[in-house]
Every structure is written in C-alpha cells, then in structure tokens.
Amino acid sequence: MRREKKDYYEILGVPRNATQEEIRRAYKKLVKEWHPDRHPENRKEAEQRFKEIQEAYEILSDPQKRAMYDRFGYVGEQPSYQEGRTSGSFFEDFLRDFEDIFNRDIFEVFFGEEPHRRERKEYSHRGEDIKYEIEVNLSDLINGTEIPIEYERYETCPRCGGTGVEPDSGYINCPKCGGTGRIREEKRSFFGYFVSERTCDECGGTGKIPRELCHECGGSGRVLRRVRRTIKIPPNVEDGTQLRIPGGGNAGYYGGPYGDLIVIVRLKPDNRFRKSGKNLLYDITIDYLQAILGTTVEIPLPEGGTTMLKIPAGTQPGTVFKLKGKGLPDEYGRRGDLLVNVQVEIPKNLSREERKVLEDLAKKRGIPIT
Ligand SMILES: [Zn+2]
Ligand SMILES: [Zn+2]
C-alpha cells in the first residue's frame with residue numbers, strides 16, 4: 001500500500017499550534033458533517049473523508065503521537081523508502097525481506113556505517129511549499145514591479161534549533177526499542193525463516209527520545225512566524241505565471257531544507273483594454289460630425305496617463321489606428337501596439353434645427369431624401 005503524506009492539521013482544518021480542545025471541537029464538527037449516512041449521493045467520498053478525519057484525530061488527540069507526527073511528518077510504520085511496495089505474494093515478501101537485510105543490515109555490517117546518523121537523515125525531510133496569490137495591474141506588466149507581501153510560515157525553532165528537544169533537558173533511552181534504535185521481527189516465509197530488523201518508529205532509529213520537548217515549539221522543531229518579503233514581478237508575466245522563490249516556504253523537518261514560496265501572478269482585469277498577445281485593443285466611439293470633420297481624442301495608456309490621437313476628417317467607421325509601441329512587452333522587452341478601433345455614432349433623434357441644416361446640405365449635394 002502506498003503511504004501518502006497526509007496533512008492531519010489540514011484535514012481537521014486547525015492550525016499547527018491548535019490546542020487539544022480546538023482539535024476536539026474541529027473533530028466533533030467534521031465527523032458529524034461527513035458521516036456517510038448524511039451523504040447518500042456521494043457515499044464513497046464521504047466514507048473516505050470520514051476515515052481521514054478519524055485518522056487525523058487519532059494522531060493529533062494523542063500528545064505523543066502528535067509530537068511524533070510534527071517531528072517526522074507521519075506516525076507508525078516505516079518512512080518513505082517503503083513507498084510503493086505491496087505486500088502480496090510469498091515471493092514479494094521474500095524479495096522484500098532479502099532487500100531489507102541486504103540493503104540495510106549487511107550494508108551497515110560491511111561498510112561500518114554508523115547507523116544512527118544514517119537513520120536520522122532518512123527521517124528528515126523538506127518543508128512544505130507555500131502558495132501565495134498576487135494580483136497585478138496591466139500597468140505593472142510594462143516595466144515590471146515589486147510588490148511587498150506578508151505571509152505566515154514555519155521557521156526553524158530558535159530555542160531548540162529544530163531538534164524539538166528542550167535545551168539541556170537531555171535524552172532518555174527509547175522505551176520501545178530499549179535504546180537500540182532497531183526493532184527485530186521474525187518472519188516465516190516460503191523460502192525459509194528470516195529475522196529482519198527495522199528502524200524503531202518511536203525514536204527514529206536514534207535509540208533516544210528527548211526527556212523534555214522544546215517549550216517553544218512543543219517538539220515540532222518549527223514555529224509559526226509572520227514574514228515580509230518583496231516579490232519582483234518581471235515585465236512580461238502572463239496571468240497564472242508561477243514564480244518560485246527557493247527557501248521561501250516552510251522550514252524542513254528534523255534538519256531538512258526549507259520548502260519554496262510559489263507566487264502565482266493573477267492579472268487584474270482592465271476593462272478598458274482587450275489583450276491580444278502583446279497588442280492591446282481599445283474601442284472608442286466618436287460623433288458622426290467628428291468623423292466627417294476630424295477631431296482629436298484622448299486615449300488612455302496601459303502604463304497610466306493618456307496620449308492624444310488625431311482623427312482625420314472623413315474617418316470611416318471601423319477604422320483602426322495603430323499607436324506603435326504602446327502595447328505590452330514581449331519576452332525581449334519589445335512592446336506591441338495599442339490598436340484604437342473607431343466606431344461612429346449616428347444620432348437617432350435630431351432637433352428640428354439640426355434636421356433643417358442637414359436637409360439643406362443634402363439638397364446642395366443632390367442627395368435624394370424621403
Ligand atoms: Zn523548539
Ligand atoms: Zn526506539
């Protein structure tokens with residue numbers, strides 16, 4: 001069975017520093033909400049959720065299991081090298097036993113590797129990535145910009161340096177493995193009788209457990225902190241672009257490296273313009289007299305401010321004027337064009353006086369009307 005990394009806190013919807021009371025309340029609420037009997041239409045999903053909630057509560061409601069989970073990211077069997085293995089046939093069992101013995105015990109015996117150090121490394125793992133959405137204006141895309149953000153992340157606990165152990169409290173021998181860091185298992189399989197050893201899950205193979213958990217982080221080795229950071233937005237980002245800031249995520253577990261901060265850039269819609277690649281389209285409606293006689297109109301620019309555009313006399317409806325280099329930059333920083341689409345408004349109601357002037361004009365040009 002594949003062991004997936006589950007975030008029990010996320011499942012219960014509580015923060016990592018939640019009290020036991022908060023955890024109990026969240027559990028009671030969720031368990032009611034996701035009871036399979038209440039979801040006859042999607043019973044399968046509800047059953048799955050229900051099981052996850054039970055599992056999360058079982059771990060987080062038990063201070064010892066919770067501390068273990070906070071330190072290693074899981075509780076119970078063996079760590080990630082067990083992933084993807086299935087316990088099926090005799091033969092598979094045999095291979096696995098053989099691998100266990102070969103990879104670990106014999107390896108250590110022959111090469112004299114210090115087992116405790118090795119195990120510690122296997123347990124440490126990288127902190128989670130953090131996703132953060134940022135909104136930018138069209139104007140930010142012209143020259144790029146810098147946006148200050150503030151978010152919460154786990155940092156390595158300064159009191160214990162990430163070990164989760166109260167400084168100077170010392171260690172005691174692990175009661176589960178008796179201080180050896182290994183748990184012996186005897187197994188009978190098709191090919192014979194095996195004695196295999198696995199790493200103790202209580203102490204992570206170190207044979208020691210802290211006498212006292214760190215008073216600041218409660219043994220997790222990490223503390224929640226609010227951090228500020230300035231995000232540099234490059235000029236040509238598209239909506240949905242992900243910027244990765246290495247090390248900007250949560251602190252690792254047990255000495256593992258920090259995760260990354262992933263900034264997702266969302267482009268705020270600007271209803272003045274339509275985007276077409278690196279070109280921008282802008283619609284403007286002028287009066288029929290302006291189209292006939294010519295005029296000057298004010299056009300907004302994506303970077304802010306405006307420019308004046310001359311509409312010559314006799315401009316036809318649907319004419320497109322090109323403002324070169326006033327569009328959006330491409331990946332080389334070359335800007336596209338701003339295309340101004342001119343619509344002409346024909347008045348629906350004329351005043352008596354206006355009608356008279358136009359009728360005289362029509363007569364003069366010999367244009368038949370009515
Ligand atoms: Zn600490
Ligand atoms: Zn142990």
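Visitor: Let's start with Arg-182: buried or exposed?
Guide: Arg-182 counts as buried, because its relative accessibility is 13%. Buried means under 20% relative accessible area, exposed means over 50%, and partly exposed is in between (1.4 Å probe, protein chains only). Keep in mind that this is a predicted model: local features need pLDDT of at least 70, side-chain atom pairs count only at pLDDT 80 or more, and totals for chains, interfaces and linings use all residues. Residues are numbered from 1 along each chain as its sequence is written, chains are lettered from A and ligands numbered from 1 in the order in which they are written, and side-chain values use heavy atoms, with hydrogens and water left out.

Visitor: Where is Arg-182 found?
Guide: In strand E4, residues 182–189. Strands (E, at least two residues) and helices (H or I, at least four) are DSSP runs, numbered from the N terminus.

Visitor: And what does the side chain of Arg-182 join up with?
Guide: With the side chain of Glu-197, through a polar contact of 3.1 Å. That term means a pair of N or O atoms within 3.5 Å; within protein, one must be able to donate a hydrogen and the other to accept it, and residues adjacent in sequence count only if both atoms are side-chain atoms.

Visitor: Which salt bridge does Glu-197 make with Arg-184?
Guide: One between their side chains, at 3.7 Å from N to O. Arg-184 lies in strand E4 and Glu-197 in strand E5 (residues 192–199), so the pair ties together parts 13 residues apart in sequence. A salt bridge is a side-chain nitrogen of Lys or Arg within 4 Å of a carboxyl oxygen of Asp or Glu.

Visitor: How exposed is Glu-197?
Guide: Glu-197 is partly exposed, with a relative accessible area of 22%. Arg-184 counts as exposed, at 55%.

Visitor: How many salt bridges are there in the whole structure?
Guide: A search finds 33.

Visitor: New topic: what holds the zinc ion?
Guide: The protein donors are the SG atoms of Cys-157, Cys-160, Cys-214 and Cys-217, 2.2 to 2.3 Å from the zinc ion (ligand 1). Donors are N, O and S atoms within 2.8 Å of the metal (3.2 Å for Na, K and Ca); water is not among the atoms, so sites may look incomplete.

Visitor: What spacing do those donors follow along the chain?
Guide: C-x2-C-x53-C-x2-C. Both Cys-214 and Cys-217 are buried.
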